[in-house]
Amino acid sequence: MTDLTPLTPAAAAGTRPILSIRDLSVSFLGARNSWTRVIEGLSFDVAPGETVALVGESGSGKSVTSLSVLGLLDPTTSRLEGSILLDGHDVLKLDEAGMIRHIRGQAAAMIFQEPMTSLHPIYRVGDQIMEALTSHRDMPKAEARRQAIALLERVRIPNAARRIDDYPHAFSGGMRQRVMIAMALASRPKLLIADEPTTALDVTVQGEILDLLKDLQAEFGMAMLFITHDMGVVAEMADRTVVMLRGRSVEQGPTAAIFADPQQPYTRALLASVPVLGSMKGEPAPLRFPVVDMKTGVAGGALPLRSKPDLTAPILDVRDLVTRFDLRGGLLNRRVARVHAVENVSFRIFPGETLSLVGESGCGKSTTGKSIIRLNDRSTGSVRLGDDDLFGLGAEAMRRKRRDIQMIPQDPLASMNPRMTVGDALVEPFLEHRMGTAAEGRVRAARLMDQVGLTAAMLERYPHEFSGGQRQRVCIARALMLDPKLIIADESVSALDVSVKAQVVNLLLDIQDRMGIAFLFISHDIAVVERISHRIAVMYMGEIVEIGPRAEILERPRHAYTRQLIGAVTVPDPARRHLRRNLAVTELRTPIRPLDYAPPARRYEEVAPGHLVMVEG
Amino acid sequence: MLAAVLSRLLRMVVVMFGISVITFLIFFATPSSDPAARIAGKNAAQETIEAVRKDFGLDRPLYVQYGLMMKRLFVTRDLTSFANRGQQIVPAVAAAAPATLSLVSGAAVLWMLGGILTGITAAAWRGRWPDKLLMGISMMAVAMPVFWVGEMVNLITQNRLHDTWAFSWVPALGYTPFSEDPGLWFRSMVFPWLTLAFLYIGLYGRMLRTGIIETYQEDFIRTARAKGLTGRKVLLKHATRSAIIPIVIMFGMDFGVLVGGAAVLTEVVFGINGVGRLTYQALKVLDLPMIMATVLYASFFVVIANAVVDLLCLLIDPRMRRA
């Protein structure tokens with residue numbers, strides 16, 4: 001599989017494709033009995049052993065395509081036309097029984113985006129794999145079990161023979177995705193459909209899963225249809241790429257060609273918006289994403305941040321922040337263990353500066369953000385905002401102080417009251433803090449809507465009437481209503497499509513330029529962090545392992561974990577197609593400790609000005 | 001496991017203690033509930049009432065009275081009624097309990113079977129006529145008051161059609177203990193069971209249908225279908241088992257409450273001398289010892305039924321075993 005011939009389309013190579021989609025159209029039944037077309041005239045082939053990526057932003061119809069191949073769309077609310085030939089069967093002409101006999105779990109198998117919810121929570125993982133084995137062929141139970149263990153070993157799950165009897169909740173996200181892969185492999189499918197298989201996973205785990213899929217593809221010789229929004233993953237996985245936009249294929253061809261010489265403006269725009277780690281070498285200040293002309297797809301120049309942080313006195317000074325949660329259980333609900341969510345975290349942020357907290361899920365970065373504004377009352381240490389120690393304030397004083405620190409949430413829709421207009425939501429905190437009259441609040445809200453790229457007329461709308469990117473702009477406007485000195489942005493751009501993500505990051509930088517607000521930017525996305533940060537702190541298991549200026553951390557990382565984290569980031573460069581990270585298979589480590597655990601005293605070494613690294617041992 | 005059982009027992013004692021104290025205090029705060037006046041009878045002279053008060057220890061502090069009552073209820077078991085002189089409380093409750101238990105257990109079997117069947121069938125044919133028919137009937141079952149349904153059943157089986165071949169086997173209203181005549185016990189209970197179960201079949205069927213349909217939105221159902229499982233297996237093994245957990249929890253509540261006396265309407269309509277009826281009569285004459293005994297009995301069953309349900313949920317859903 002290492003030669004370059006698989007890059008040619010199947011037809012040219014003379015082999016019959018395993019999957020051949022011709023002129024596929026899909027319509028969904030919408031409100032008032034109208035049919036909406038979500039896929040229009042889509043055609044592409046997947047040759048045996050080949051990997052084809054379907055790439056596009058949300059709403060482009062890539063997942064609908066994959067569900068169509070397995071006939072998993074609800075027949076009462078969807079209409080499919082065209083043809084899908086899979087392993088010699090015309091999928092659209094098969095009935096449900098035929099799909100079960102020939103297609104699902106036979107010729108094709110599928111893995112999904114959400115490993116946490118895709119396994120049945122109340123059956124043992126072994127039983128679920130055995131079910132996939134026995135539902136299509138007669139097999140004694142002992143044999144099925146033996147094969148299930150073998151499959152779990154194939155996907156490199158340690159202690160497979162023992163873990164087969166565990167329930168899904170005993171596995172981490174990455175391990176669950178491995179179980180899903182094992183289950184998909186049970187039928188030895190000729191085609192594996194992977195629908196955003198690593199999107200919900202941490203970067204290091206994503207790297208492990210991508211490696212695994214490459215290995216298994218070579219072992220089993222199966223074709224893969226890889227659905228993703230992540231250009232880095234495409235570059236690394238796919239022989240050929242189909243770029244989708246609003247249900248149509250915009251451009252398709254060998255991945256290397258698409259990346260090197262994109263023909264269509266949309267493809268160019270998509271590639272230009274992707275944050276690329278390492279693209280900021282030598283840049284002294286945070287840099288906006290280049291503005292892409294959506295008509296031509298040509299990227300313009302990128303504007304750097306003009307204002308400089310004011311290094312005279314920190315706006316936020318966090319010292320020895322500790323947050324621990326007790327786990328209860330047993331007789332009388334006693335304390336049985338303790339989660340050391342945040343352990344001795346100290347940092348400072350200056351006015352007009354952005355400090356990013358990066359790390360993987362469970363590392364304590366979000367808890368740090370919440371602890372600072374006292375959203376949980378279990379923290380000790382000191383947090384000084386300007387001249388006040390937030391942990392020493394009374395309830396009313398703290399309420400007034402909240403004006404100065406605002407948050408931008410990860411999920412804007414979930415964080416807004418669906419029954420309140422955006423205008424009311426914006427004005428409410430303004431009135432609550434007695435900053436003026438309702439009319440003044442309206443004027444201010446209208447001006448801020450303008451500043452975040454929306455219009456004042458939109459104030460009368462409800463949150464569901466906005467797109468995802470617009471909603472995040474509304475949340476930014478809401479945070480600005482109170483003239484905050486510091487904004488905590490907790491994964492604020494993680495859920496957005498690449499082009500929207502670039503726009504929102506640019507907006508945050510605009511705001512910083514104009515108002516000199518400091519940001520605590522919490523994210524797992526290191527490529528975005530590189531764009532926006534002055535300084536970066538890397539967290540692992542509740543502790544900061546390394547903190548320093550952006551260029552120092554990303555270009556000269558000292559701590560082993562920082563290096564691992566940076567090495568796992570995917571880069572949209574097809575030259576990395578055959579890269580293997582060879583990471584050790586790791587179970588997620590959690591900071592749950594016995595009650596009598598005393599955290600070791602940590603020492604930090606200053607390796608460069610302002611660049612501190614935790615000393616191991 | 002032992003810790004779980006122990007902590008549950010402890011919780012039960014605390015709950016029952018709390019309920020008994022509240023019942024006791026509310027009784028003494030109720031106007032014209034003076035037990036001495038009640039025991040002495042109508043138009044008794046003030047001196048007689050005072051004498052009774054002294055005799056029964058009703059002039060002592062409340063906490064002493066409470067202690068005495070608990071002692072006579074649980075230890076010596078010779079607590080007597082305030083209303084019917086000489087009537088012993090514990091034997092009266094013990095005599096009423098089997099009738100209620102028979103009624104509720106039989107109905108429970110019917111409504112669980114009927115409700116689960118209804119819910120699964122309706123979900124399997126969702127949106128088509130079997131679903132609409134079953135949900136229509138269920139709505140009616142929920143909407144019709146149980147005493148009205150009971151009276152209608154009586155009208156047909158005891159009155160209009162009693163002498164035809166169809167219902168001549170139905171005995172007269174009333175309860176016959178199982179130990180006396182199992183055949184008669186069964187025949188006399190059939191219609192009370194059906195009447196009580198009808199309402200709950202409607203409730204449970206609707207709830208299970210909704211639960212199953214919601215479960216079909218879950219990612220793991222998509223996984224099961226993508227594996228190539230048959231529709232039947234997806235429905236019965238994957239969707240129903242998850243959707244049944246809230247049903248089991250609700251069953252625990254309903255069963256406990258009904259055994260504790262909430263089936264009073266059915267009992268009255270069918271002339272069954274059960275706990276519900278006993279409580280109702282005691283409330284009418286403000287008979288504290290009887291109220292106390294039946295309330296504690298009811299709370300006992302609610303707590304026990306919930307404990308059993310918790311254990312059942314542990315069996316169904318392994319995620320709950322972690323805590």
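Helices, taken as DSSP runs of type H or I with at least four residues, are numbered from the N terminus. In this predicted model, chain B follows the pattern α-α-α-α-α-α-α-α-α-α-α-α-α when read along the sequence, with 13 helices and zero strands. The C-alpha trace of chain B spans about 85 × 60 × 35 Å along its principal axes, and buried residues make up 46% of the 323 residues in the chain. Among the contacts in chain B with a separation of 6 or more, 67% join residues 24 or more positions apart. The accessible surface of chain B comes to about 16600 Å², of which carbon and sulfur atoms account for 68%, while the mean positions of its 30 positive and 19 negative charges lie 12 Å apart.

Chain A contains an open sheet of eight strands with mixed pairing, arranged in the order S16-S17-S18-S13-S19-S20-S23-S22. Strand S16 (405-408) and strand S22 (604-608) of chain A each have a single partner strand and therefore stand at the edges, with one side of each left without a neighbour in the sheet. From one strand to the next, the twist averages 20 degrees.

Helix H13 (residues 365-372) lies across S13, S16, S17, S18 and S19 of chain A and runs at about 145 degrees to S18(A), whereas helix H18 (residues 498-515) lies across S13, S16 and S18 of chain A, running at about 160 degrees to S18(A).

How values were computed: Residues are numbered from 1 along each chain as its sequence is written. Chains are lettered from A and ligands numbered from 1 in the order in which they are written. This is a predicted model: local features need pLDDT of at least 70, side-chain atom pairs count only at pLDDT 80 or more; totals for chains, interfaces and linings use all residues. Side-chain values use heavy atoms; hydrogens and water are left out. Two strands pair if DSSP finds at least two bridges between them. Helices (H or I, at least four residues) and strands (E, at least two) are DSSP runs, numbered from the N terminus. Axes are lines fitted to C-alpha atoms, for helices over the stretch in contact, and angles run from 0 to 180 degrees between N-to-C directions. Contact means heavy atoms within 4.5 Å. Buried means under 20% relative accessible area, exposed over 50%, partly exposed in between (1.4 Å probe, protein chains only). Accessible areas come from the Shrake-Rupley method with a 1.4 Å probe; for residues, only the protein chains shown count as cover. Lys and Arg count as positive and Asp and Glu as negative; His and the chain ends are not counted. The place of a charge is taken as NZ of Lys, CZ of Arg, CG of Asp or CD of Glu.
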